[in-house]
Amino acid sequence: MAVRLDLQEVSKVFQKDRESVRAVDAVSLSVDPGEMVTFLGPSGCGKTTTLRMVAGFESPSEGLISLDGKDVTPLPVNRRDMGFVFQNYALFPHMSVFENVAYGLRVKGTAEGDIRRKVREGLDLVGLQKAERRFPNQLSGGEQQRVALARVLVLEPQVLLMDEPLSNLDAKLRIHMRTEIRRIQKHLGVTCLYVTHDQSEALTLSDRIMVMNRGRVEQIGTPFEIYSDPRSLFVADFIGQANVIPGKVHSVEGDRLAVCLFDRLFPVRAVKGETFRPEMAVAVVVRPENLLPSDEGLPGTVRTATFLGGRVEYEVLLPSGQTVLSSDPYLPGQAMRTMSGGSRR
Ligand SMILES: Nc1ncnc2c1ncn2[C@@H]1O[C@H](COP(=O)(O)OP(=O)(O)OP(=O)(O)O)[C@@H](O)[C@H]1O
Ligand SMILES: [Mg+2]
């Protein structure tokens with residue numbers, strides 16, 4: 001049975017050169033049984049430290065971690081029933097694939113017959129049923145990563161923790177493996193935390209994403225919410241591409257604003273939970289795909305047009321001197337265009 005995982009106001013303070021660094025700052029998160037939550041954020045924002053505290057490799061300076069309501073904060077790693085997949089998956093080089101996957105079961109004293117069955121099931125799950133006699137140096141990077149995953153999965157952990165497990169793989173394999181990981185996690189229904197600083201990985205893998213910045217939670221939400229309703233400029237800028245255009249509020253009606261940009265009024269959706277008044281200076285966030293070339297709207301000059309396969313990306317110079325990005329599924333007929341589009345905040 002899958003478990004619920006709760007973090008309540010979890011913090012970690014490290015002592016570094018006689019200074020204290022708050023690497024993780026009051027992080028609260030509730031993960032549903034069988035849910036996959038990704039920690040996403042720039043280098044040094046506290047993703048690994050948070051994961052290590054959940055695993056028990058690091059103890060929190062403050063806060064509580066619980067499984068199904070039971071406090072596990074004081075428990076050592078081996079009493080938490082969690083599986084950890086690292087970036088550097090370090091298989092035992094002198095052991096066959098079978099033995100690598102069997103290792104944890106042997107340590108636990110599992111009966112030989114059960115080991116055989118579980119290892120085969122585990123290798124089946126990651127698509128390596130034919131490779132059990134091979135050695136790690138006879139496997140590709142992606143295959144090695146699958147063995148590392150199988151090695152953890154055969155132990156049937158209550159919670160699966162993964163810290164950038166795909167960052168050593170090339171781009172194509174990463175994309176393939178992330179759908180595999182998603183499939184396996186859903187198939188097993190295991191509660192899962194996954195660390196990445198790759199936003200497209202987070203968008204495809206997660207039930208929910210926790211965006212972190214300087215040890216704090218910026219926003220927790222589904223990939224759709226995080227992308228379409230970012231609560232801060234940091235989130236808007238970190239997930240996908242964002243044009244941030246300064247403007248002034250003209251009028252407010254519920255969560256709808258009319259915002260003045262370059263002497264023209266545009267309808268804009270307000271960020272939830274914030275109050276806006278006429279005359280307020282605001283930052284309007286527009287995704288490139290919502291900023292489409294047209295004959296009316298913002299005046300702008302196309303500086304570059306880049307063909308990217310299914311779409312064309314334009315760099316457009318606005319009268320203010322700011323350059324914005326526009327992404328259009330069609331090829332341009334002319335070099336000079338004006339811009340219009342849906343916008344928010
Ligand atoms: N053992 C430690 N002692 C002192 N400071 C530490 C220790 N571990 C981490 N830190 C600091 O805590 C902060 C968060 O580190 P953490 O490894 O959690 O970041 P991260 O989000 O995983 O980054 P990355 O994407 O680079 O892996 C950093 O400033 C880091 O230098
Ligand atoms: Mg890290």
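Val37 stands opposite Arg208 in β9. The model is predicted, with local features needing pLDDT of at least 70 and side-chain atom pairs counting only at pLDDT 80 or more, while totals for chains, interfaces and linings use all residues. Residues are numbered from 1 along each chain as its sequence is written, and chains are lettered from A and ligands numbered from 1 in the order in which they are written.

Strand β3 (residues 36-40) pairs with strand β9 (residues 208-213) in the parallel sense, over four bridges. Two strands pair if DSSP finds at least two bridges between them. Helices (H or I, at least four residues) and strands (E, at least two) are DSSP runs, numbered from the N terminus. Strand β9 is also joined by five bridges to β10 (residues 216-221), and these two run antiparallel. Here Ile209 stands opposite Gly221 in β10. The hairpin of β9 and β10 has two residues between the strands, and in it Arg214 takes a positive phi near 50°.

Next comes the ligand. Ligand 1 is surrounded by 13 residues, of which Phe14, Ala23, Ser43, Thr48 and Thr49 are the closest; a residue is near a molecule if its C-beta atom, placed from the backbone, lies within 6 Å of it. Two or more residues of this shell come from each of β1 (5-16), β2 (19-31) and α1 (47-55). The largest share, three residues, comes from α1.

The protein is divided into domain 1 (5-234) and domain 2 (241-344), bounds that come from an automatic or database domain assignment. Their centres, taken over C-alpha atoms, are separated by 38 Å. Four residues of domain 1 are in contact with five residues of domain 2, contact meaning C-beta atoms, placed from the backbone, within 7 Å.

Key: Contact = placed C-beta atoms within 7 Å.
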